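Here is a short briefing for a first look at this structure. Keep the model in view while reading.

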Amino acid sequence: GIAEARADHLSGASVARLLDGASPILVWREHRGMTIPQLAVAAGLDVARLVGIEEGHRPATPEERAVLARVLAVDAEDLVPFPP
């Protein structure tokens with residue numbers, strides 16, 4: 001139905017945020033209605049590590065990206081930031 005389709009697709013505003021340089025992990029986390037601590041626990045990451053990834057200070061490892069993608073129900077490629 002419509003609700004399921006909306007859950008799997010970002011709004012135009014969210015896509016614009018990504019194009020403006022927002023972290024894909026941040027955008028998808030917010031789209032899923034999760035807080036940083038909730039996502040960190042679900043992904044088995046330290047909150048500080050997740051914050052560093054979201055803020056772009058520390059890139060996610062391929063393994064971290066895979067776990068985050070699973071938790072956020074997206075492809076791992078969807079979590080790769082756009083080039084500046």
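S23 sits in the loop that joins α2 and α3. The model is a predicted one. S23 is buried, because its relative accessible area is 12%, under the 20% cut-off. From S23 to E77 the C-alpha distance is 13 Å, and the two are 54 residues apart in sequence.

**Salt bridges**

- Side chains of opposite charge can pair when their charged atoms come close.
- How many salt bridges does a search of the whole structure find? The search finds three.
- R17 and E30 form a salt bridge through their side chains, at 2.9 Å from N to O. R17 belongs to helix α2 and E30 to helix α3 (residues 24-31), so this pair ties together parts that lie 13 residues apart in sequence.
- R17 has a relative accessible area of 31%, so R17 is partly exposed. E30 is also partly exposed, at 39% relative accessibility.
- R29 and E54 meet in a salt bridge as well, at 2.6 Å from N to O. R29 is in helix α3 and E54 is in helix α5 (residues 47-54), so the pair links parts 25 residues apart in sequence.
- Are R29 and E54 buried or exposed? Both are buried.
- R49 pairs with E64 in a salt bridge, and their closest N and O atoms are 2.6 Å apart. E64 lies in helix α6 and R49 in helix α5, so this bridge ties together parts 15 residues apart in sequence.
- E64 counts as buried because its relative accessibility is 14%. R49 is buried too, with a relative accessible area of 18%. Buried means under 20%.

**Helix packing**

- Two packed helices are described by the angle between their axes and the distance between the axes.
- Helix α4 covers residues 36-43. The axes of α4 and α6 come within 9 Å and cross at roughly 115 degrees.
- Why do α4 and α6 count as roughly perpendicular to each other? The class runs from 65 to 115 degrees, and the crossing is at roughly 115 degrees, so α4 and α6 are roughly perpendicular.
- The α4 and α6 crossing is right-handed.
- α4 also packs with α5, at an angle of about 110 degrees, and the axes are 9 Å apart. That angle makes α4 roughly perpendicular to α5.
- Which hand does the crossing of α4 and α5 have? The crossing is right-handed.

**A43 in helix α4**

- A43 is part of helix α4.
- A43 has a relative accessible area of 11%, so A43 is buried.
- A43 and A66 are 23 residues apart along the chain. Their C-alpha atoms are separated by 9.5 Å.

**Surface patch**

- Which residues form a nonpolar patch on the surface? They are V15, L19 and F82. Together they have about 300 Å² of accessible area.
- L19, one of the patch residues, is placed in helix α2 (residues 12-19).
- L19 counts as exposed because its relative accessibility is 59%. The cut-off for exposed is over 50%.

**The segment after α6**

- Helix α6 spans residues 62-72. A73 is found in the segment after α6.
- The phi angle of A73 is near 60 degrees. That is a positive value in a residue other than glycine.
- Is A73 buried or exposed? A73 counts as exposed, at 54% relative accessibility.
- P83 also lies in the segment after α6. P83 has 70% relative accessibility, so P83 counts as exposed.
- P83 and A22 are 61 residues apart along the chain. Their C-alpha atoms are separated by 11 Å.

Notes:
Residues are numbered from 1 along each chain as its sequence is written. This is a predicted model: local features need pLDDT of at least 70, side-chain atom pairs count only at pLDDT 80 or more; totals for chains, interfaces and linings use all residues. Side-chain values use heavy atoms; hydrogens and water are left out. Helices (H or I, at least four residues) and strands (E, at least two) are DSSP runs, numbered from the N terminus. Buried means under 20% relative accessible area, exposed over 50%, partly exposed in between (1.4 Å probe, protein chains only). Patches are made of residues with over 30% relative accessible area and no salt bridge: like charges are joined within 9 Å, nonpolar side chains (Val, Leu, Ile, Met, Phe, Trp, Tyr) within 5 Å. Accessible areas come from the Shrake-Rupley method with a 1.4 Å probe; for residues, only the protein chains shown count as cover. A salt bridge is a side-chain nitrogen of Lys or Arg within 4 Å of a carboxyl oxygen of Asp or Glu. Axes are lines fitted to C-alpha atoms, for helices over the stretch in contact, and angles run from 0 to 180 degrees between N-to-C directions. Angles under 35 degrees count as roughly parallel, over 145 as roughly antiparallel, 65 to 115 as roughly perpendicular and the rest as oblique. A crossing is left-handed if the near helix is turned anticlockwise from the far one by less than a right angle, and right-handed if clockwise.
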